[in-house]
Amino acid sequence: MKKLLLITGDLATGKSTFSDILSKRYDTVAFTKDTIKEVLGDTIGFANREENLKLSKATMELMIFVFSEFAKLDKALILEANFHKADLERLHEIATAHNYEVMVLVLRGDINILHKRYLNRIYNENRHPVHLSTTLDIYADFKKYVETSRKEEITGNTLEIDANDFSYQQDETLLLEIDKFMQQNF
């Protein structure tokens with residue numbers, strides 16, 4: 001059975017970096033929401049938060065479309081984004097229709113740690129402008145966003161990962177569990 005590995009969870013948990021690590025480990029393609037949104041932002045542009053949110057929506061639609069096309073092949077795929085329940089449901093429907101087995105990695109962390117990491121990322125890591133049109137640098141807004149997103153139900157084969165630090169990215173027990181999923185009947 002073909003494999004779809006979805007990586008989602010809190011902001012600033014290292015989802016994109018982990019998807020790159022796993023992409024190399026399994027010699028498969030990984031599409032990340034941030035990268036697609038950056039391309040759209042550079043190509044289309046945006047002038048305000050509302051237009052930026054449209055880019056986010058278009059990015060998710062593209063990711064779902066890419067998977068629907070990719071699913072016609074006999075290959076594994078990794079998708080990374082801050083998926084919402086409706087996005088996950090659509091991806092699961094496509095996966096079922098194309099005989100994919102799905103595992104969802106859900107990265108979570110302490111909100112205080114994640115907010116500090118988020119601030120460091122936006123102020124010290126030369127983040128792309130498409131990621132900077134929010135008020136999430138304000139702790140209360142960040143906390144509300146994370147808590148709201150955590151209320152969305154994530155169903156199916158899920159694995160919750162503690163992302164308070166990035167040691168999970170080299171945790172052999174975790175990686176072996178993901179290996180087991182990726183290599184079953186593959």
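Mentor: Happy to! Sorted by class, the lining of the largest pocket holds 11 nonpolar, 13 polar and 13 charged residues (nonpolar: Ala, Val, Leu, Ile, Met, Phe, Trp, Tyr, Cys and Pro; charged: Asp, Glu, Lys and Arg; polar: the others, Gly among them). Keep in mind that this is a predicted model, with local features needing pLDDT of at least 70 and side-chain atom pairs pLDDT 80 or more, while totals for chains, interfaces and linings use all residues. Numbering starts from 1 along each chain as its sequence is written, and side-chain values use heavy atoms, without hydrogens and water.

The pocket's volume is about 790 Å³ (the space filled by probe spheres set on grid points joined across faces, edges and corners). Here a pocket is an open set of points on a 1 Å grid where a 1.4 Å probe fits, with protein on both sides within 12 Å along at least five of seven lines; lining residues have an atom within 4 Å of a point. Of its 37 lining residues, L11, D34, N82, R121 and H131 are the closest to the centre. Two or more lining residues come from each of α1 (15-26), α2 (33-44), α3 (49-70) and α5 (111-124) (DSSP runs numbered from the N terminus: helices, H or I, at least four residues; strands, E, at least two). Helix α3 contributes the most, seven residues.

The largest nonpolar core has 24 residues, and L4, L6, F67, L79, F83, L91 and Y100 have the most contacts inside it (a core joins buried Ala, Val, Leu, Ile, Met, Phe, Trp, Tyr and Cys through side-chain atoms within 4.5 Å; buried is under 20% relative accessible area with a 1.4 Å probe, protein chains only). Here too α3 gives the most, with six residues.

F18 and Y168 are edge-to-face, because their centres are 5.0 Å apart and their planes at 80°. F18 sits in α1 and Y168 in the loop between β5 (158-162) and α7 (172-183), so this pair ties together parts 150 residues apart in sequence. Both residues are buried. The tilted pair of Y118 and F142 has 5.4 Å between centres and 45° between planes. It links α5, which holds Y118, to α6 (residues 139-150), which holds F142, parts 24 residues apart in sequence. Y118 is buried at 4% relative accessibility, and F142 at 0%.

Key
Buried < 20%, exposed > 50% of the residue type's maximum accessible area, 1.4 Å probe, protein only. Phe/Tyr/Trp six-rings, centres within 6.5 Å; stacked < 30°, edge-to-face > 60°.
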